[in-house]
Amino acid sequence: MIPIPFGFNTLTLTYSVPKVGEAFGGGFIAYIYQPSDPQYDEYYNSIYVGPYNKDIIRGIIISTASIANSQLGPGGTWSLPATNSSGAQSTTTLYNWNSNSSLAASRVETLSFGGFTDWFIPSQLEMLQIVSLTFSRQFLTQSYYWTTNTNSGSTIAYGIDTLTWTAGLASSDNSYGVRAFRYFTIYT
């Protein structure tokens with residue numbers, strides 16, 4: 001509840017904090033960043049606006065749109081950092097290397113769904129965060145999904161095996177599942 005001065009009285013607004021599983025921003029909230037996450041930044045998760053401190057809730061949305069199975073790699077040897085926590089940045093990098101419309105990065109980078117165009121393929125870290133919550137698993141119906149992390153200097157990339165919910169390596173020339181995600185920020 002937020003008390004707001006209103007003349008000689010105080011008006012109190014009540015809001016609900018979003019939860020994993022709620023429809024929002026073109027899909028469903030799949031993950032809300034926690035203080036232990038590398039993407040969580042204490043400075044950016046609390047701001048001061050006027051006489052009130054505002055909390056910021058940040059996380060990841062999973063689309064309900066299914067992307068056709070696709071190859072991840074642009075061909076040849078290439079690499080993205082195995083520890084990169086930003087799927088959005090890596091998706092753009094992959095797209096800039098090779099915008100072939102049949103590749104996963106191109107399909108997601110050019111996706112317009114639910115009124116949004118900022119979709120991306122998650123990094124390995126983001127995908128592991130998402131599948132740590134049982135709710136998000138219902139949207140991952142293929143046996144293997146790409147992430148944007150690669151084995152440096154090769155055509156091998158990381159994905160998530162949905163039988164064990166663990167990361168594994170596969171040739172980026174293979175066609176596997178692709179699911180689009182996007183970030184969200186809510187000021188409460």
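First, where the numbers come from. This is a predicted model, in which local features need pLDDT of at least 70, side-chain atom pairs count only at pLDDT 80 or more, and totals for chains, interfaces and linings use all residues. Residues are numbered from 1 along each chain as its sequence is written, and side-chain values use heavy atoms, with hydrogens and water left out.

Now the layout. The chain has four helices and ten strands. Helices here are DSSP runs of H or I with at least four residues, strands are runs of E with at least two, and both are numbered from the N terminus. In sequence order the pattern is β-β-β-β-β-β-α-α-α-α-β-β-β-β. There are 188 residues, and 41% of them count as buried. Buried means under 20% relative accessible area, exposed means over 50%, and partly exposed is in between, with a 1.4 Å probe and protein chains only. I will also speak of contacts, meaning heavy atoms within 4.5 Å. If we take contacts between residues at least 6 apart in sequence, 66% of them join residues at least 24 apart.

Let me start with helix H1, residues 87-97. Which of its residues are buried? They are Gly 87, Ser 90, Thr 91 and Leu 94. These cover an arc of only 105 degrees around the axis, which puts them on the same side of H1; the arc is taken from the directions from the helix axis to the C-beta atoms. As background, an α-helix has 3.6 residues a turn, so residues three or four places apart point the same way. On the face turned away from the buried side, H1 carries the exposed residues Gln 89 and Asn 96. What do the buried residues of H1 pack against? The partners are helix H2 (104-109), helix H3 (124-131), strand E7 (144-150) and strand E10 (175-187).

H3 is mostly covered, with six of its eight residues buried. Among them are Gln 124, Glu 126 and Met 127.

E7 is mostly covered too, with seven of its seven residues buried. Tyr 144, Trp 146, Thr 148 and Thr 150 point one way from E7, while Tyr 145, Thr 147 and Asn 149 point the other way. In general, the side chains of a regular strand alternate between the two faces of the sheet. E7 pairs with strand E8 (156-161), in the antiparallel sense and over four bridges. Strands count as paired if DSSP finds at least two bridges between them. In E8, Ala 157 is the bridge partner of Thr 150.

Ala 23 stands opposite Phe 28 in E4. Five of the six residues of E4 are buried, so E4 is largely enclosed by the rest of the structure. Phe 135 is found in helix H4 (residues 134-137), and touches Val 20, Gly 21, Phe 28 and Ile 29, not counting residues up to four places away in sequence.

Next, the cores. A nonpolar core is a set of buried Ala, Val, Leu, Ile, Met, Phe, Trp, Tyr and Cys residues joined through side-chain atoms within 4.5 Å. The largest one has 21 residues, and those with the most contacts inside it include Leu 72, Val 108, Trp 146 and Val 178. E10 gives the most to this core, with four residues. Another core lies apart from it, with 15 residues, among them Ala 30, Leu 140, Trp 165 and Phe 181.

Where does the charged end of Arg 182 sit? It sits over the ring of Phe 116, 3.7 Å from its centre. The charged end of Arg 182 also sits over the ring of Trp 119, 5.9 Å from its centre. A charge counts as over a ring if NZ of Lys or CZ of Arg is within 6 Å of the ring centre and within 35 degrees of the ring normal.
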